[in-house]
Amino acid sequence: MELQKSGAAFVRAKKFLPGGVSSPVRSYAGMDCNPPFISHAKGSKIFDIDGNEYVDYVGSWGPMILGHAHPKVVAALQKAVERGTSYGAPTESETQLAELVQKIYPSMEVMRPVNSGTEATMSALRVARGFTGRDKIIKFVGCYHGHADSLLVNAGSGAATFGTPSSPGVTKGTAADTIALPYNDIDAVKKIFDECGEQIAAVIVEPVAGNMGLVPPVENFLPGLRDVTKKFGALLIFDEVMCGFRVALGGAQEKYKIVPDLTCLGKIVGGGLPCAIYGGKEKIMRNVSPDGKVYQAGTLSGNPLAMTAGIETLKILIDTPDFTKKLSEKTSALVEGIKSAAKNSGVEIQTQQAGSMFGIFFSPVEVTNYEESVAANQELFKKYFLSMLEQKIYLAPSQFETLFMSAAHTDGDIQKTIDAAKKSFAAL
Ligand SMILES: *Cc1c(COP(=O)(O)O)cnc(C)c1O
């Protein structure tokens, strides 16, 4: 595919930015292709500087659940920007957003807005450690919780191991307090709690995992986590930065009827502006400064533009009858179409769907954890990805990423995508 202007822009960008990007996956590393540089986006479409129009299933990696540049969000932002872009002082908009969030996530009795999902999970862990007076945390291999040091640990798939850093720059000391266990393996969690449960401050989990491809929880996993954390006085943190508002309006906690102690929201909660929120039980969250001693602050936290985009987005989600149900049905239609296209071409894939999140693995077996996700065929994925891009379908350039449906996607978009998938599978 000819991406001349994007190619030139990429060369210039690489001079100044590592990999030419502000976040690694955007560089299309390993895809034998330069990333299209984006000029604008509207509804379900994203446009590059070479004049191509794509059907977008990345949605800025999750936030754009209403589609790009939704007229109501844009109008509210235009008004807000005239009033100034940041004050570093309280506004009513923070409370308004918090009220909306609590309506959908009743477990978030008290909450704090921050600027990114990374900040939300990092802060939630600090609160958990401050509240329990314990140091260790459990995370799951293949779950991504942002790039805070203690969460950039992946003890390798397989058996339970005490953490080793998975990025240079993360100290052994930090890693030693992180225990990484296989996703969906409740027995591994119970075993560790039996060994050192009184040292564990929290279990943090993507209740529907979306960062090793899409991997939903098996039936006993989340209830098991709730039980064992309660038994040992550790906190259960649901990182719903991605699955929040998608697997159900009230996230995984609504869908699976589990009440976590703390919740992290991001992506959608800021309506496409930098914003995330962490919160939970009042007696825990009152430990946050200035009510309590756990320090956490931010120059741009509660930014009025981010609050505005979040408020407008959540209002639409709440006010549109059956929003989540309709979006899920649309997603199912696409996933079913892709599935039968693959079948007709004799290509072995696994499709996964949770609400408006979906993904495919080029794997003959169902994927339930990181080890199985890594085993999926990367070569076939790459060919499929490039063929779809050529046909103007914009997918995430990695099998470890989840795809997102938006309210702006039309039946025509979906049919176009299925037709493209047919061609791609036939050519594999
Ligand atoms: C995206 C993501 C994060 C990190 O959010 P950023 O805003 O990129 O820092 C954390 N947790 C999950 C589950 C995510 O998907």
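Tutor: Let us begin with strand E4, which gives the most to the lining of the second largest pocket, with 4 residues. Please keep in mind that this is a predicted model.

Student: Where is E4, and which helix also supplies at least two residues of that lining?

Tutor: Strand E4 covers residues 110-114, and helix H3 (92-104) also supplies at least two residues of the lining.

Student: Which residues lie nearest the centre of the second largest pocket?

Tutor: They are Glu94, Met111, Arg112, Pro113 and Ser301. The whole lining of the second largest pocket comprises 27 residues.

Student: How do those lining residues divide by class?

Tutor: The lining of the second largest pocket has 12 nonpolar, 11 polar and 4 charged residues.

Student: And what is its volume?

Tutor: The volume of the second largest pocket is about 580 Å³.

Student: Let us change topic. How much space lies in the largest pocket?

Tutor: The largest pocket holds about 1,400 Å³ of space. Its lining is made of 41 residues, and the closest to the centre are Ser23, Tyr144, Gly146, Asn211 and Lys267.

Student: Which helix and which strand each supply at least two residues of that lining?

Tutor: Those are helix H4 (117-132) and strand E5 (136-141). By class, the lining of the largest pocket has 18 nonpolar, 17 polar and 6 charged residues.

Student: Where does the ligand sit?

Tutor: The ligand sits in the largest pocket.

Student: Which residues are around it?

Tutor: The residues around the ligand are Ser116, Gly117, Thr118, Tyr144, His145, Gly146, Glu206, Asn211, Asp239, Val241, Met242 and Lys267. This shell consists of 3 nonpolar, 6 polar and 3 charged residues.

Student: What about Gly117?

Tutor: There the backbone is involved: an N or O atom of the Gly117 backbone lies 2.8 Å from an oxygen atom of the ligand.

Student: How much of the ligand's accessible area does the protein cover?

Tutor: On its own the ligand has 380 Å² of accessible area, and the protein covers 82% of this.

Terms used:
Residues are numbered from 1 along each chain as its sequence is written. This is a predicted model: local features need pLDDT of at least 70, side-chain atom pairs count only at pLDDT 80 or more; totals for chains, interfaces and linings use all residues. Side-chain values use heavy atoms; hydrogens and water are left out. A residue is near a molecule or strand if one of its heavy atoms lies within 4 Å of it. A polar contact is a pair of N or O atoms within 3.5 Å; within protein, one must be able to donate a hydrogen and the other to accept it, and residues adjacent in sequence count only if both atoms are side-chain atoms. Accessible areas come from the Shrake-Rupley method with a 1.4 Å probe; for residues, only the protein chains shown count as cover. On a 1 Å grid over the protein atoms alone, a cavity is a set of points where a 1.4 Å probe fits but cannot get out, and a pocket is an open set with protein on both sides within 12 Å along at least five of seven lines; lining residues have an atom within 4 Å of a point. A molecule sits in a cavity or pocket if more than half of its atoms lie within 2 Å of its grid points. Ala, Val, Leu, Ile, Met, Phe, Trp, Tyr, Cys and Pro count as nonpolar, Asp, Glu, Lys and Arg as charged, and the others, Gly among them, as polar. Grid points are joined across faces, edges and corners, and a volume is the space filled by probe spheres set on the points.
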